[in-house]
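Here are my notes on this model. Please read them alongside the coordinates.

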Amino acid sequence: MSVDVSPILSPQRHLFDVPEEIAYFNTANLAPHLHAVRAAGNAALDRRGRPWTITAQDWFTDVEQLRALFGQLVGADAEGVALIPATSYGFAVAANNIALTEGERILVVAEEYPSGVYTWRKAARRTGAEIHTVTRASGQTWTQAILAALDERVAVVSVPNVHWTDGALIDLPAIAARTHELGARLVIDASQSLGALPLDVRALRPDFVISVGYKWLLGPFGRGYLWMAEEHRHGDPLEENWIVRADSEDFARLVDYRDEYQPGARRFDMGQRTTFELTPMALAALRQLVDWQVPRIAAALDAVTGQIAERAAGLGLTTVPPEQRGPHMLGIRLPEQTRARVEAALAKANCFAAVRGGSLRVSPHLHTTAADVDRLFAALAAAV
Ligand SMILES: Cc1ncc(COP(=O)(O)O)c(C=O)c1O
């Protein structure tokens with residue numbers, strides 16, 4: 001299937017709540033608000049303050065739209081989507097619903113984000129399984145290192161699409177193919193890629209995909225997402241909340257307790273998943289992403305990060321080579337003695353990026369302009 005990625009989106013600064021004097025390169029930490037998201041939040045607060053305007057149906061309609069939109073972003077329908085508060089919740093659902101036995105391996109990459117690692121450690125303690133942490137030999141890509149570590153001992157492969165510290169890419173189709181061959185489970189933390197990098201569960205056939213909503217999905221804090229394969233949808237939720245039970249729409253009969261759940265992955269929704277204040281914000285964000293189209297976002301951000309990599313090279317700084325990184329963020333290696341100076345220079349210039357490990361992680365979005373990039377490099381040139 002060919003994807004039309006032209007024309008590349010030009011900067012969409014006017015749609016974001018980012019003042020002219022701020023150069024923000026830290027979407028990988030916390031995305032700024034779209035004006036539409038903020039307006040949806042304000043309207044939602046107004047509505048929440050007038051509960052007499054909220055109907056019984058309203059407890060379900062926005063949430064179902066959100067489920068469908070998230071489904072669209074991962075190439076699926078609404079049925080596999082559960083609404084969760086944080087990635088740790090998604091990992092806990094996955095870990096509780098994957099059978100592990102003593103000696104089996106749970107594969108994670110070195111320096112992976114802690115939420116998943118702590119959950120897998122707990123699962124390993126409970127079951128006698130072992131964590132196997134993949135490290136890279138010099139010159140090796142993550143994909144090569146993971147493939148080399150994949151053997152019949154591995155029961156779970158828990159990977160991101162890009163490494164959160166520097167945007168280094170993991171070739172998910174290659175990893176998924178080998179994982180399936182081994183009969184292992186594939187869990188993807190897409191928090192640092194979904195919304196900026198296409199992901200299609202029909203092609204990858206993962207078991208679980210987990211994502212925060214407040215980074216590349218441009219949504220509010222407190223709304224995350226979990227997609228799961230059909231075979232897991234009859235599994236065990238972490239908690240038993242009333243709204244995910246059959247016929248919960250009938251408020252007059254909630255105490256006719258029901259053993260059956262709502263269909264699909266809905267049983268895994270967090271308690272109070274309706275989040276009247278947050279759901280409209282998340283909806284506004286996902287609508288905008290679907291409207292822009294993720295391949296076009298990726299192409300536009302690739303142009304920005306490509307330019308940044310080139311200018312970094314001009315200052316003698318190295319970055320992950322383009323074919324080994326995601327299009328939307330990149331790590332600029334900083335010599336140790338320059339890190340504190342770089343942080344101070346960026347702060348002074350109203351320029352926001354993140355030092356993660358030995359890298360300056362630069363994560364733009366469609367609000368990024370040429371003037372922002374100039375500001376970043378004026379600060380870097382003065383500090384390195
Ligand atoms: C890969 C990855 N997963 C998860 C998170 C955070 O998840 P949560 O806020 O749900 O704990 C981050 C935050 O940086 C991340 O980079």
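1. Ala, Val, Leu, Ile, Met, Phe, Trp, Tyr, Cys and Pro are taken as nonpolar, Asp, Glu, Lys and Arg as charged, and the others, Gly among them, as polar.

2. Basis. This is a predicted model; local features need pLDDT of at least 70, side-chain atom pairs count only at pLDDT 80 or more, and totals for chains, interfaces and linings use all residues. Residues are numbered from 1 along each chain as its sequence is written.

3. Strand β3. Strands are DSSP runs (E, at least two residues) and helices likewise (H or I, at least four), numbered from the N terminus. In β3 (residues 105–109), five of five residues are buried, that is, with 20 or more other C-beta atoms within 10 Å of their own, C-beta atoms being placed from the backbone. R105, L107 and V109 point one way, I106 and V108 the other.

4. Strand pairing. β3 runs parallel to β4 (residues 130–134), joined by five bridges; pairing requires at least two DSSP bridges.

5. Helix contact. R341, V342, A345 and L346 of α10 meet A379, L380, A382 and A383 of α11. Contact means C-beta atoms, placed from the backbone, within 7 Å. By class, this contact has seven nonpolar, no polar and one charged residues.

Notes
Two residues are in contact if their C-beta atoms, placed from the backbone, lie within 7 Å. A residue is buried if 20 or more other C-beta atoms lie within 10 Å of its own, exposed if 12 or fewer, and partly exposed in between; C-beta atoms are placed from the backbone.
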